[in-house]
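Let's take a walk through this structure together. Have a look at it first, and then we'll go through a few spots step by step.

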Amino acid sequence: MPAVAAAAPAAVALVADPYAPNFNFAALSAGQRESYKQHRLTEFPTWAWVLLNIVTLGFFGVIQHGLKHGALPKIKHDDFGAGKGIGFLFIPFFSLYWVFVFWLRLADRLNFQYRIRGMPDPVSKDLALWTVILALAGGVILVTLPVALVTGLIAGAQMQSAANELARGEVG
């Protein structure tokens, strides 16, 4: 029985959410930390992202940020790539759920890259959440739609700036 009790702390460390702000990175081995830092993000000017997002009515932003899901390492078993991330946004009714998963997980994954390097979160997950809520509410309460457009540009620009810094190797 003592062998089972000794194994319990390791099991607890495995089920901890690595995207939680209080995640203990010391629980990871040096090899895990280094492998989790590997990404394939590329730089794209934030001002151009904002401009193209406006011109394409948001489609560019969805595709550009969706591709980031494929360029970031999979930390959790349910992390997804670009194809699933973007594709699920086009499924009727399911997309009302998936839009939350898509944007909040991207914020988590970008913030994780900063935290594992000992830096503070660059992306406001709360802003991303409220942007999605306001955008969905815009279908019923039209006054929230312009606010969602502005907050969406701000949240998207935060994500693009964070990805650019990672791509340039400026973080930790």
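Start at Asp121, which counts as partly exposed, with 37% relative accessibility. Keep in mind as you look around that this is a predicted model. The side chain of Asp121 meets that of Arg115 in a salt bridge, 2.8 Å from N to O. And how accessible is Arg115? Its relative accessibility is 12%, and since buried means under 20%, Arg115 counts as buried.

Another one brings together the side chains of Arg168 and Glu43, at 2.5 Å from N to O. Here the two partners come from distant parts of the chain, 125 residues apart. Arg168 sits in the segment after α8 (144–167), while Glu43 lies in the loop between α2 (30–36) and α3. Arg168 is partly exposed at 38% relative accessible area, and Glu43 is partly exposed too, at 47%.

Arg168 also forms a salt bridge with Glu170, where the closest N and O atoms are 2.7 Å apart. Glu170 has a relative accessible area of 49%, so it is partly exposed.

Which residues form a nonpolar patch on the surface? They are Trp47, Leu51 and Val55, and together they have about 380 Å² of accessible area. One of them, Leu51, belongs to helix α3, which covers residues 46–55. With a relative accessible area of 46%, Leu51 is partly exposed.

Definitions and conventions: Residues numbered from 1 in each chain as written. Predicted model: local features only at pLDDT ≥ 70, side-chain atom pairs only at ≥ 80, totals over all residues. Heavy atoms only, no water. Patch = residues over 30% accessible without salt bridge, like charges linked within 9 Å, V, L, I, M, F, W, Y side chains within 5 Å. Areas by Shrake-Rupley, 256 points an atom, 1.4 Å probe, with all protein chains shown as cover. Salt bridge = Lys/Arg side-chain N within 4 Å of Asp/Glu carboxyl O. Helix = DSSP H or I, 4+ residues; strand = E, 2+ residues; numbered from the N terminus. Buried < 20%, exposed > 50% of the residue type's maximum accessible area, 1.4 Å probe, protein only.
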